[in-house]
Amino acid sequence: MLIQMLRFGLFNGPEPTAVLSEDQWQSLLNDARQQGVIAVFYHCVQQLSSAHRPPKSVLFHMASMASDIEQSMQQHHQALKHFADRVEQQMHQPTVVVKGLSLAQYYPHLYCRESGDNDLYFGASAHVVDSLMRSCGIAVDDSDPRHSAFLFEGVPFENHAYLLYPNEEDDPNTIDPQWDTTPIEAPLYTLVPEHLALFVVAHADRHALYHNESLRLRDLLDWALLLEHSGLDYHRFNQFKQSYDVGRLADLFTQYVVAHFGITPPEGWQPLSVGCLQAFPQLYLTDHPRKTPAFMRVFDRSKRYIRYAGVYKEIYGETMFRRFYYRNVARAIGQWAKQEKRHEGRERNQ
């Protein structure tokens, strides 16, 4: 029902006609909160005919929650603009945003996409930005090798030196490419749609593969809106993503949102087998309790990959034993042996 509501309000789908009780509406609202789509859900509900709208008590509750989210996202945006202005003045360098505002621009209202922090990409200049923040009296946490983190005007920021994740082999296919950027509003930039799409799917794969975290409906909505409204050239995207082992996963994301949101299949896209589409919820959408140490998460995740071994190979082009175990088990056991803290970014954002 939640997907039907979003399809109706965002992608010209048919209006849901089911008559829901107040308890059912409240349950749907709870689902929307857990899936990170409260504000955009409220936007869709407002478009329903009066006979199909929720009771006023639920509608007021929904409006209050949506308003809180939009105010928070406006604060995120203002802090981001102030940060970018400071970097421009001090470093004469634009700020490149990934996720967050870069995806919010494709939503019906800029502030209805929820985000826990502002993700930035400065590449080789990331450490210079960290130094600038410290010179301003801002504490910078650089304990995570993937990015640093700090609070600017009370808003969490993550500063990435690279966007893809190098592995133990130093495979050049996993090293950051030359990212192309495009302006949002000076001095804010983001990646061009084809490059942004690769990062979005690689980031989702990383969290699902190593952290054993399910995707949320917001992640799939991001993908659908990116395909629909960014002008993404799928032929160019195919050329760019063919060197990376998440390229077919991107096609599976597309297959899922085409099937469920009813978006127009992009020219140049090649769907995977029906078996992959059927396995998608179990592999990427089913939530599982997060366990420590890290190697236990690896083990739990691998049980699903054993069940869907053929699907896994179709998606990633190699068996789970090579791609999953070889790249993750040693790292996870090493993390456990050293008693390293796991990444706490998700908890900080919440």
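A cavity is here a set of grid points, taken over the protein atoms alone, where a 1.4 Å probe fits but cannot get out, and its lining residues are those with an atom within 4 Å of a point. The structure examined is a predicted model, and the protein in it comprises 15 helices and seven strands. Of its 350 residues, 52% are buried, and the accessible surface amounts to about 16,100 Å², of which carbon and sulfur atoms supply 50%. Among contacts with a separation of 6 or more, 69% are between residues 24 or more positions apart.

Rolling a probe the size of a water molecule over the atoms shows where empty space is left. The count comes to two cavities of 30 Å³ or more, and the largest cavity has a volume of about 130 Å³. The lining of this largest cavity is made up of 13 residues, and those closest to its centre are M73, H76, G100, L101 and A104. Two elements, helix 4 (56-91) and helix 5 (101-104), each give two or more residues to the lining, and the largest share, four residues, comes from helix 4. When the lining of the largest cavity is divided by class, six residues are nonpolar, five are polar and two are charged.

One of the residues closest to the centre of the largest cavity is H76, which is found in helix 4. The relative accessible area of H76 is 9%, and because buried means under 20%, H76 is classed as buried. Leaving aside neighbours within four places in sequence, H76 is in contact with S115, G116, D117 and N118, and also with V155 and P156.

Among these contacts of H76 is N118, a residue of strand 2 (residues 118-121), and both faces of this strand are covered.

Conventions:
Residues are numbered from 1 along each chain as its sequence is written. This is a predicted model: local features need pLDDT of at least 70, side-chain atom pairs count only at pLDDT 80 or more; totals for chains, interfaces and linings use all residues. Side-chain values use heavy atoms; hydrogens and water are left out. On a 1 Å grid over the protein atoms alone, a cavity is a set of points where a 1.4 Å probe fits but cannot get out, and a pocket is an open set with protein on both sides within 12 Å along at least five of seven lines; lining residues have an atom within 4 Å of a point. Grid points are joined across faces, edges and corners, and a volume is the space filled by probe spheres set on the points. Ala, Val, Leu, Ile, Met, Phe, Trp, Tyr, Cys and Pro count as nonpolar, Asp, Glu, Lys and Arg as charged, and the others, Gly among them, as polar. Buried means under 20% relative accessible area, exposed over 50%, partly exposed in between (1.4 Å probe, protein chains only). Contact means heavy atoms within 4.5 Å. Accessible areas come from the Shrake-Rupley method with a 1.4 Å probe; for residues, only the protein chains shown count as cover.
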